[in-house]
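Reader: Could we go through this model together? I'd like to start with the helix packing and then move on to other things.

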Amino acid sequence: MGNRFCFSGSYGIVVNRENSLLPRFEAIACLRGSRKTRRRKMELKHVKAAFYSATGNTEKVVKAIGQAIAEGLGLPFEAFDFTLPANRQGVLSYGPEDLVVVGTPVYAGRIPNKMLPYFQSGLEGNGALAVPVVTFGNRNFDNGLIELRNELEAHGFHTVAGAGVAASHVFTDKLAPGRPDEADMAALQEFCRKVCEKVQGLQEIPAPVAVRGDDPVGPYYTPLGTDGKPAVFLKAKPKTDPAKCDNCGICAKVCPMGSIPADAPQTVTGICIKCQACIKKCPQQAKYFDDPAFLSHVAMLETNYARRAEAEWFL
């Protein structure tokens with residue numbers, strides 16, 4: 001199966017007198033509570049990105065999309081990583097001159113529950129265009145993309161495209177190793193070319209991009225073990241091999257929840273969201289999980305989801 005492209009709506013190309021594509025569109029700004037509209041010229045001046053990415057997979061995908069769109073539109077690009085607690089203290093505010101690529105990995109098929117409050121309160125669109133992007137570890141992105149789209153639309157963004165991209169699973173190296181790979185990145189570039197065409201041809205505020213998922217969004221996916229029963233490992237936390245740990249403190253610095261004390265990196269005193277940042281980024285490979293339910297779930301994933309899951313692209 002190849003990469004899937006889904007299209008919604010219609011659009012044309014805006015060309016100036018020199019026959020070059022313009023990074024601008026005519027927008028009809030709808031007044032809330034009324035069918036009255038007013039037409040105004042809007043011109044994009046920036047392409048930006050904002051993302052949560054504990055292990056770097058989402059960062060790679062979101063930046064690649066943002067940079068390709070920026071290049072296609074001839075606009076500057078900048079990115080903001082709100083993975084760490086210190087970067088989630090303020091509000092990211094955008095405006096009608098911005099196109100923002102917003103990304104997150106899915107946890108149990110949705111926006112990570114501990115990050116969801118920031119997506120609901122830390123991002124303000126103020127009329128900006130947006131491209132919601134989720135990454136998933138070869139099982140399924142379930143309702144993660146439609147949930148992200150809905151949150152962006154609810155907070156002042158106008159979504160023009162969306163993507164669900166397979167990436168190496170953080171629980172195991174046996175699922176989607178090396179993803180996104182060369183084929184994924186080629187499809188990504190084609191997606192970005194189509195996004196540029198759509199944006200350059202917009203003549204009104206677009207309807208929310210149609211993406212796969214349930215609306216209203218359903219519950220989180222229930223992890224299963226090898227026995228097919230729910231695997232409950234919410235309280236599981238990574239362990240530390242004292243023979244390997246040299247107290248470098250990297251794990252404390254990369255924990256998205258701030259749950260690993262800098263002065264006691266062999267412990268986890270706060271909430272663990274199983275993001276695997278401390279495990280993936282430990283240079284001594286001293287961190288690991290030994291929770292039976294967690295390991296059973298990983299084994300189930302390895303057994304049932306080894307097939308190649310393709311990225312899905314929506315326009």
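This is a predicted model: local features need pLDDT of at least 70, side-chain atom pairs count only at pLDDT 80 or more; totals for chains, interfaces and linings use all residues.

Reader: How do helix 1 and helix 4 pack, at what angle and how far apart are their axes?

Author: Helix 1, residues 57–73, packs against helix 4, residues 182–201, at an angle of about 45 degrees, and their axes are 9 Å apart. The crossing of helix 1 with helix 4 is right-handed.

Reader: And which residues make that contact?

Author: On the helix 1 side they include Val61, Ile65 and Ile69, and on the helix 4 side they include Leu188, Phe191 and Val195. By class, the contact has 13 nonpolar residues and three polar ones, with no charged residues.

Reader: Switching to the largest nonpolar core, which members touch the most others?

Author: Those are Tyr52, Phe119, Leu123 and Phe157, out of 35 residues in that core. Helix 3 gives the largest share, four residues. Phe157 itself, leaving aside neighbours within four places in sequence, is in contact with several residues, among them Tyr94, Val100, Leu123 and Leu152. There is also a second, separate core of 33 residues, which includes Ile69 and Phe191.

Reader: Last one: where does Asn87 sit?

Author: Asn87 lies in the loop between strand 5 and strand 6, and because its relative accessibility is 32%, Asn87 counts as partly exposed.

Key. Residues are numbered from 1 along each chain as its sequence is written. Side-chain values use heavy atoms; hydrogens and water are left out. Helices (H or I, at least four residues) and strands (E, at least two) are DSSP runs, numbered from the N terminus. Buried means under 20% relative accessible area, exposed over 50%, partly exposed in between (1.4 Å probe, protein chains only). Axes are lines fitted to C-alpha atoms, for helices over the stretch in contact, and angles run from 0 to 180 degrees between N-to-C directions. A crossing is left-handed if the near helix is turned anticlockwise from the far one by less than a right angle, and right-handed if clockwise. Contact means heavy atoms within 4.5 Å. Ala, Val, Leu, Ile, Met, Phe, Trp, Tyr, Cys and Pro count as nonpolar, Asp, Glu, Lys and Arg as charged, and the others, Gly among them, as polar. A nonpolar core is a set of buried Ala, Val, Leu, Ile, Met, Phe, Trp, Tyr and Cys residues joined through side-chain atoms within 4.5 Å.
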